[in-house]
Amino acid sequence: MCKKQRFIHFSLKRTMLLALVFVSLVAKVDVMASDLINDLTIKGIVKEAKSSTPLPGVTVIIKGTNQGTITDIDGQFSINASTDDVLIFRYIGYMQKEVKVSSSTFIDVQLQEDLYGIDEVVVTGYGVQKKSDLTGAVSSVSAEKLNSIPIPNIEHALQGMAAGVNIIPRSGKPGEGADIQIRGISSVNGTNPLVIIDGVSGNLNSLNPADIASIEVLKDASSAAIYGATGGNGVILVTTKKGTAGKMRVSANAYRGFENPVNMVEMMNAQEYLELVEELNPRGKTPINYEPDTVDSFNWQEAIFQQALSENYDVSISGGTDVSTFLFSTSLDKQ
């Protein structure tokens, strides 16, 4: 091989070597650029879709991994992710949402209320449990059920509405209340449950059944744990109706009924009573100087128990604006 041929061969080898080095450098630069693009610090804010209010405590997780974070008190978050990652946003009472990162470094997320799934969550004490796990521990009575029975006393209206709740009337006096036992007698110091009306301790007798939106009965220790020893005999949570924004609304409800005793005891008349006394007398003589046929008869049950009139009238006025609402109600009960 001549010197010229050797020089050309050497030049070709050097050119190929330089080309390989150049390709390697380009590939390395591309990898570095790709790493820079795929390793981003994603920041953003999570808001409620309806009111645009920031949501604190929202869980933000990279899909398919255990890497995640939560939003702060202002609803803001920061997380390291790549352009191919998908962020999952989860919050109790709101629908889950997935957002792809792409090349944006700031994400504005709005979560919609989960109107169907919220019924599956029950807040008990300091925690949250599934409603399926509390079927026997929590009973709920809606306003529709209460209004379906024309009873002026809420305690009597609860009778037969909630499992495990026993209603025992104190007496037969008109308007008299009743003793409530939740799952039997649970304390030697008292059996009445704790009544919470709109977050404040109260009395059921002070409420008009028409003003109640719902009643929740907490029947075990886990659901009533937040109330301590005072909730040892159970807790009755009462939520009253509230006004709504818009035009003023006036509603009225009235009913009138009659009350009669049932299952009255069959009584003997005067003749039957004297004949019975005569048969029971060992001497065969009656202690009364009257003949049975001449004695007048009275049915004392019919004389004492008479048909009673029961009336109830309710009137409420509600309304308000987006800033404040109001509801005024009054009732008249006559039993």
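Is Glu98 buried, exposed or partly exposed? With a relative accessible area of 42%, Glu98 is partly exposed; buried means under 20%, exposed over 50%, and partly exposed in between, using a 1.4 Å probe and protein chains only.

Before we go on, this is a predicted model, where local features need pLDDT of at least 70, side-chain atom pairs count only at pLDDT 80 or more, and totals for chains, interfaces and linings use all residues. Residues are numbered from 1 along each chain as its sequence is written, and side-chain values use heavy atoms, leaving out hydrogens and water.

Now let's meet the partner of Glu98. Glu98 forms a salt bridge with Lys63, with the closest N and O atoms 3.4 Å apart (a salt bridge is a side-chain nitrogen of Lys or Arg within 4 Å of a carboxyl oxygen of Asp or Glu). Glu98 lies in strand β6 and Lys63 in the loop between β2 and β3, so the pair ties together parts that are 35 residues apart in sequence. Strands here are DSSP runs (E, at least two residues), numbered from the N terminus. Lys63 is partly exposed too, at 45%.

By this rule the count comes to two salt bridges. In the other, Glu311 joins Arg256, and the closest N and O atoms are 2.6 Å apart. Glu311 sits in strand β18 and Arg256 in strand β17, 55 residues apart. Here Glu311 is buried, at 9% relative accessibility, whereas Arg256 is exposed, at 56%.

Finally, look at strand β7, residues 106-111. Ile107, Val109 and Leu111 make up its covered face, while Phe106, Asp108 and Gln110 make up the uncovered one.

Notes: Helix = DSSP H or I, 4+ residues; strand = E, 2+ residues; numbered from the N terminus.
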